[in-house]
Amino acid sequence: MEPIDASLGLDAAGIALLPGAQLGTQLHEQLKARILQGQLPAALRLPTTRALAEALGISRNTVVRVYERLLSEGYLQTRVGDGTYVAALRATPSRTVVHLPTEPAPPDTPMWARVQAFTPPRRVEGPPRAFRHGVPALELFPAETWSRLLARFWRRSDAGLLGYTEAAGLPRLRELIAAYLSHSRGLHCTAEQVIVTSGAQQAISLAALALLKPSDRVAVESPGYRAAAAALSLTGAELLRVPVDAEGLQVAALEALGPCRLVHVTPSHQFPSCVAMSLPRRLALIHWAERQDAFLLEDDYDGEYRHAGLPLAPLASLDRSQRTLYVGSFSKLLAPGLRLGYLVAPAGFATVLTRLRGLLDRHSPIAEQTVLADFIEQGHFLRHLRRARRAATQRRDALLEAWQREFGSALPLAPIDAGLHALLPLETPAQEARLVQLGRAAGLELAGLREVGGLPSHSSRAGIVFGFAAVAPAQLRGAVRSLHKAWNKG
Ligand SMILES: Cc1ncc(COP(=O)(O)O)c(C=O)c1O
């Protein structure tokens with residue numbers, strides 16, 4: 001085949017490099033794209049490396065390296081003593097400009113549609129400002145101890161430790177979690193029932209995938225935790241909302257819905273309304289599950305933080321019929337970025353749930369699991385927990401005092417006996433939208449109940465979630481002052 005005029009081909013291809021770094025990468029990408037699209041057809045002779053370097057004003061070495069890479073990838077060929085040519089790629093008709101294929105249509109699956117319908121939470125960049133919710137006092141994270149334990153893991157790691165490991169998690173860590181749950185939450189389980197997960201979210205997704213089928217009906221709290229509802233809906237199950245009052249999920253309303261396969265509840269500290277489910281409600285819920293042959297998915301995402309009164313027994317410890325799957329997380333005790341949590345499954349379910357975990361992503365990273373196990377075993381965890389709880393209570397007090405001083409009883413916050421956030425109930429969605437807007441304009445992080453609470457648009461419930469654990473008391477006081485000023489002006 002006769003070589004095609006090189007300069008013509010390259011001019012037509014319109015190679016243009018942006019000044020700055022990675023000229024080689026740019027040239028490689030552009031030549032490759034033009035070869036794949038047929039703009040540089042098979043058998044085209046490329047200019048010499050010297051000529052191209054001069055034409056583009058870059059170093060010859062860069063061009064040599066790019067040609068070598070394209071040669072090794074099969075886009076170019078050399079003919080001895082005769083230069084470098086575009087190789088014949090079977091899929092590229094020579095000399096024809098091939099347009100990139102149009103994007104494929106989205107798959108017509110219930111999973112696709114449901115994931116598409118879920119709006120991910122607003123992510124605010126940078127260090128937390130008042131009133132970010134969902135995070136503990138991250139500046140208290142014991143980074144030095146953690147990094148020392150991590151360095152020790154890597155110093156001691158051997159080939160045996162670095163291969164695939166148990167899908168349910170490191171046995172030592174599962175033992176420690178079981179012991180912790182027994183003494184701190186009164187939840188007695190075996191290590192075999194504990195599956196280490198990538199946070200509470202994965203535990204919820206595992207339960208959903210394993211327990212639900214498309215025709216099932218699933219109940220969620222309203223207001224409730226949107227991300228849990230979305231994960232439960234992935235299986236195609238129908239979601240039903242059950243209202244929450246001052247004693248937690250209304251079991252009578254749940255009962256009135258008829259058959260349901262599973263209910264997601266946050267009994268220790270209802271998200272986002274902050275109420276603790278009363279003992280009579282807990283018992284009624286367990287009886288409901290027994291009658292309905294249903295499962296309880298108990299999400300104890302921040303139950304370790306109690307500012308007043310004693311925590312009530314988790315459903316999983318009261319339930320004698322083994323219908324409760326208990327979800328725990330280290331996100332609020334250590335840091336959400338660690339992605340460590342767990343699922344305590346009824347003994348008969350642990351094997352299948354563990355295999356499912358293995359199918360999804362094998363297991364959690366071994367280094368982090370080992371470090372967490374050491375961290376708990378050496379007493380750092382309980383020490384950190386005490387510190388984090390103290391800080392959360394101080395910050396709660398600072399918020400309450402500042403709130404009382406600025407807003408008085410005109411806009412009372414709901415009681416904060418547990419957890420890391422407060423709820424300000426408001427009368428109308430319009431009031432909620434206004435306060436969120438004013439707060440954000442004043443540089444605060446505010447979240448409306450509609451945004452975080454999974455409320456349907458026709459619900460008249462309104463309010464604002466105030467995270468108080470993420471910043472120091474002084475910052476909280478200043479933030480309440482700014483909000484009050486904005487509220488009076490607005
Ligand atoms: C009710 C509830 N469940 C679960 C989670 C998520 O926890 P994780 O970070 O462990 O996935 C949160 C996070 O804020 C939550 O509010």
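1. In what order do the strands of the open sheet of 3 strands lie, and is their pairing parallel or antiparallel? The order is E11-E13-E12, and the pairing is antiparallel. Strand E11 (421–426) and strand E12 (447–448) are the edge strands, each pairing on one side only. Please keep in mind throughout that this is a predicted model.

2. Within this sheet, 6 bridges link E11 to strand E13 (residues 462–467) in the antiparallel sense. Leu426 has Ala462 of E13 opposite to it. Helix H17 (residues 429–441) packs on the sheet and touches E11, E12 and E13. The direction of H17 makes about 35 degrees with that of E13.

3. There is also an open sheet of 8 strands, with the order E3-E10-E9-E8-E7-E4-E5-E6 and mixed pairing. Its edge strands are strand E3 (194–197) and strand E6 (248–249), each of which pairs on one side only. E3 and strand E10 (residues 341–344) run antiparallel and are joined by 4 bridges. Here Val194 stands opposite Val344 of E10.

4. Helix H9 (residues 199–211) deserves a look from two sides. H9 lies across E3, strand E7 (262–265), strand E8 (295–300), strand E9 (324–329) and E10, and runs at about 35 degrees to E10. H9 also supplies the largest share of the shell around the ligand, 3 residues.

5. Which residues are closest to the ligand? They are Gly199, Ala200, Gln201, Ser329 and Ser331, out of 14 residues that surround the ligand. By type, the shell consists of 6 nonpolar, 7 polar and 1 charged residues.

6. Last, the chain as a whole. Its secondary structure comes to 19 helices and 13 strands. The radius of gyration is 29 Å, whereas the globule rule gives 23 Å for 490 residues, so the chain is more spread out than a compact globule. Along the principal axes, the C-alpha atoms fill a box of roughly 90 × 60 × 50 Å.

Technical notes
Residues are numbered from 1 along each chain as its sequence is written. This is a predicted model: local features need pLDDT of at least 70, side-chain atom pairs count only at pLDDT 80 or more; totals for chains, interfaces and linings use all residues. A residue is near a molecule or strand if its C-beta atom, placed from the backbone, lies within 6 Å of it. Ala, Val, Leu, Ile, Met, Phe, Trp, Tyr, Cys and Pro count as nonpolar, Asp, Glu, Lys and Arg as charged, and the others, Gly among them, as polar. Two strands pair if DSSP finds at least two bridges between them. Two residues are in contact if their C-beta atoms, placed from the backbone, lie within 7 Å. Axes are lines fitted to C-alpha atoms, for helices over the stretch in contact, and angles run from 0 to 180 degrees between N-to-C directions. The radius of gyration is taken over C-alpha atoms; the globule rule is 2.2 Å times the number of residues to the power 0.38.
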